[in-house]
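Please keep the structure in view while reading.

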Amino acid sequence: MGAPRGLKGRSLLEPGDFTPGELAELFDLADEITESPERYAEVAKGKILAALFFEPSTRTRLSFETAMLRLGGQVIGFSEAQSSSAAKGESIADTVRTVGCYSDITVIRHPKEGSCRVAAAASDVPVINAGDGGHHHPTQTLTDLLTIRREKGRLTGLRVGLCGDLKFGRTVHSLIRAMRVYEGTEFVLISPQELRVPAYVIRDMEERGCPYEETQDMRSGMRGLDMLYMTRVQRERFFNEEDYIRLKDQFLLGAEQMRWAPSSMIVLHPLPRVNEIAAEVDADPRAVYFKQAKNGMYVRMALICALLGLAAR
Ligand code: NCD
């Protein structure tokens, strides 16, 4: 199987940049890579991925780097703004344009919303948004969708609960934008009043006529869910610490709460967790967040193959 042809040379800035058909091909490729990794071990030989991380990251950066190494390619980059020329005042456009002279593909995470778009406009090589402020995080969404597809066997007809910081959580915004196009999706949004989804996310759902409910009651919100997407309260995006402290522990998922949930409800979390999911939940077969982290590596391998037009021999 080759990489989805239509994606070669393109960038991924927001979910919705790829059609459901292109996504399905990408997930098929991720499945194929998972089954036969040896066929892909050298496809990126001679290629270089640049990972420019202006914000902290564990999974996203390391899974991208591992993905490229497992495809036989190489990696350059930095993991904090202070060690790049951004510290001297260089613009993101100039940094990305320069890095594109050295590499074949650029992955960028930046605290400013829309920064990846500025970067992509200045770049001669494909750019992947690895998170732009509180806006979007499309490759986490690829990870989430692949996990849902693997665990539930489908992406249609799902009742999707999202819980926690729905205001600043970029993974939530991206997942809603992606899931709204699948037939029969319903959303249940569980958050404190002050951390409800922003207006543009409401518009995303309304545009597609997706049913959604907003609630502050976790117990009733969990009724009938096919999946629950837990998120951490995004401390770094708050204007003051008191608000964060007041809101951070409003929704905690423990063994007791899991007893309210349907037996087929899977639990996802983009990670890192702080304490919104108790460690005791990890042993519950419905908890799939560590599998999800592993799926992230395979789907990023597939994405790199697709954007660079690499195929197994
Ligand atoms: C998420 C992010 O950076 O937005 N982490 C990740 O990429 N897996 C979620 C978070 O930081 O809470």
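In this predicted model, the largest pocket holds about 510 Å³ of space. Helix H2 (59–70) and helix H6 (170–179) are the elements that each contribute two or more residues to the lining of this pocket. The lining comprises 23 residues in total, and those nearest the centre of the pocket are Arg109, Arg170, Arg232, Glu236 and Pro272. By residue class, the lining consists of 10 polar, eight charged and five nonpolar residues.

Around the ligand stand Thr60, Arg109, His137, Gln140, Arg170, Thr171, Arg232 and Gln234, together with Pro270, Leu271 and Pro272. This shell divides into five polar, three charged and three nonpolar residues.

Specific polar contacts can now be located within the shell. Arg232 places a polar side-chain atom 2.7 Å from an oxygen atom of the ligand. The side chain of Gln140 has an N or O atom 3.1 Å from a ligand nitrogen atom. At Leu271 the backbone is involved: one of its polar atoms lies 3.0 Å from a nitrogen atom of the ligand. How much of the ligand's exposed area does the protein bury? Taken alone, the ligand exposes 320 Å², and the protein buries 94% of that area.

Terms used:
Residues numbered from 1 in each chain as written. Predicted model: local features only at pLDDT ≥ 70, side-chain atom pairs only at ≥ 80, totals over all residues. Heavy atoms only, no water. Near = heavy atom within 4 Å. Polar contact = N/O pair within 3.5 Å; in protein donor to acceptor, adjacent residues only side chain to side chain. Areas by Shrake-Rupley, 256 points an atom, 1.4 Å probe, with all protein chains shown as cover. Nonpolar A, V, L, I, M, F, W, Y, C, P; charged D, E, K, R; others polar. 1 Å grid on protein atoms, 1.4 Å probe; cavity = no way out; pocket = protein on both sides within 12 Å on 5 of 7 lines; lining within 4 Å. Points joined across faces, edges and corners; volume = space filled by probe spheres on them. Helix = DSSP H or I, 4+ residues; strand = E, 2+ residues; numbered from the N terminus.
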